[in-house]
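Colleague: Please take a close look at one part of this entry for me, and go through it contact by contact. I'd like the cut-offs spelled out as you go.

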Amino acid sequence: MIEMQDVWKTYPNGAHALQGVSVKIDRNEFVYVVGPSGAGKSTFMKLMYREETPTKGQISVNGFNLGKLKQRKIPLLRRNIGVIFQDFRLLPKLTAYDNVAFAMEVIETPRKLMKKRVMEVLDLVGLQSKAGRYPEQMSGGEQQRIAIARAIVNNPAVIIADEPTGNLDPETSYGIMQLLDEINFRGTTIIMATHNRDIVNSMRRRVLAIEDGMIVRDQIRGEYGYEF
Ligand code: ADP
Ligand code: ADP
């Protein structure tokens with residue numbers, strides 16, 4: 001499903017963000033990416049949805065060879081990947097409904113299909129009743145649920161989440177994790193960077209630890225393993 005072979009990333013400022021990363025992630029896995037700030041976690045994930053390109057090495061995601069991917073094929077790749085951020089990144093001038101619908105509009109979904117599917121995913125995240133609210137009228141947890149609805153609305157094969165619970169209190173974080181667990185159960189591969197030790201230690205999924213741009217630990221039913 002996702003494979004990296006000896007991937008290196010050096011930013012133009014000289015920062016060596018990744019230094020020889022090789023990894024395989026199978027369909028339907030749930031993978032936590034842990035490690036200190038600045039270790040390379042975000043870069044690792046940005047390479048998967050081609051927000052960044054590697055300095056060296058091979059990356060394939062869901063059958064796409066990213067090294068050979070033409071610029072005009074990037075939207076096709078992104079359709080297969082849903083991305084979730086710590087700061088939600090909803091469009092502030094759009095309602096919850098329209099934030100989700102927007103993701104379908106950009107791939108030119110017929111309007112009739114769109115309405116049904118948007119309400120279906122809003123239901124899945126438990127927020128159908130708040131479809132007409134604007135982001136500022138919702139709590140952080142609700143905004144993240146809308147962001148998750150937006151990420152899954154086009155049925156991506158993979159969800160990439162960069163510290164999705166980083167701005168949320170423990171109880172709200174737990175709800176978000178249950179939702180991601182459900183989405184994974186329904187057949188979506190999930191890769192999630194996190195500093196949330198309690199979540200990693202309670203879910204017992206695969207853990208990749210990145211330090212100094214290298215994978216230093218890869219456990220099948222892993223644990224968080226840091227004091228911070
Ligand atoms: P993490 O997500 O683990 O905090 P990052 O992937 O964000 O790590 O960063 C890894 C290294 O690359 C750090 O040294 C960081 O400063 C550097 N870095 C990240 N993004 C950029 C960028 N856009 N330009 C230059 N350096 C960057
Ligand atoms: P537009 O006016 O952009 O052509 P609609 O008539 O579908 O689109 O939607 C008008 C507004 O009503 C939108 O801003 C959207 O937030 C809200 N909306 C649309 N469909 C629903 C729905 N099924 N449930 C709740 N709100 C909806």
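**Around ligand 1, and onwards**

Modeller: Gly-38 puts a backbone N or O atom 2.7 Å from an oxygen atom of ligand 1. That is a polar contact, meaning a pair of N or O atoms within 3.5 Å; within protein, one atom must be able to donate a hydrogen and the other to accept it, and residues adjacent in sequence count only if both atoms are side-chain atoms. Before going on, the ground rules: this is a predicted model, where local features need pLDDT of at least 70 and side-chain atom pairs count only at pLDDT 80 or more, while totals for chains, interfaces and linings use all residues. Residues are numbered from 1 along each chain as its sequence is written, chains are lettered from A and ligands numbered from 1 in the order written, and side-chain values use heavy atoms, with hydrogens and water left out.

Back to ligand 1. A polar backbone atom of Ala-39 is 3.1 Å from an oxygen atom of the ligand, and Lys-41 brings a side-chain N or O atom to 2.8 Å from an oxygen of ligand 1. On its own, ligand 1 has 560 Å² of accessible area, and the protein covers 64% of it (Shrake-Rupley, 1.4 Å probe; for residues, only the protein chains shown count as cover). The shell (residues with a heavy atom within 4 Å) includes Tyr-11, Asn-13, Pro-36, Ser-42 and Thr-43. By class it splits into five nonpolar, six polar and one charged; here Ala, Val, Leu, Ile, Met, Phe, Trp, Tyr, Cys and Pro are nonpolar, Asp, Glu, Lys and Arg charged, and the others, Gly among them, polar. Helix 1 (residues 41-48) gives the largest share, three residues. Helices (H or I, at least four residues) and strands (E, at least two) are DSSP runs numbered from the N terminus.

Now ligand 2. Thr-95 has a polar side-chain atom 2.5 Å from one of its oxygen atoms. Ligand 2 exposes 550 Å² when taken alone, of which the protein buries 48%.

Where does the side chain of Asn-99 go? It reaches the backbone nitrogen of Leu-91 at 2.7 Å. Asn-99 counts as buried because its relative accessibility is 1% (buried is under 20% relative accessible area, exposed over 50%, partly exposed in between, with a 1.4 Å probe and protein chains only). Beyond four places in sequence, the contacts (heavy atoms within 4.5 Å) of Asn-99 include Leu-94, Pro-135, Ile-146 and Arg-150.

Arg-150 turns up again in the list for Phe-88, which also touches Gly-140, Gln-143, Gln-144, Ala-147, Asn-167 and Leu-168, again leaving out residues up to four places away. Phe-88 sits in the loop between strand 6 (81-85) and helix 3, and Phe-88 is buried, at 10% relative accessible area.
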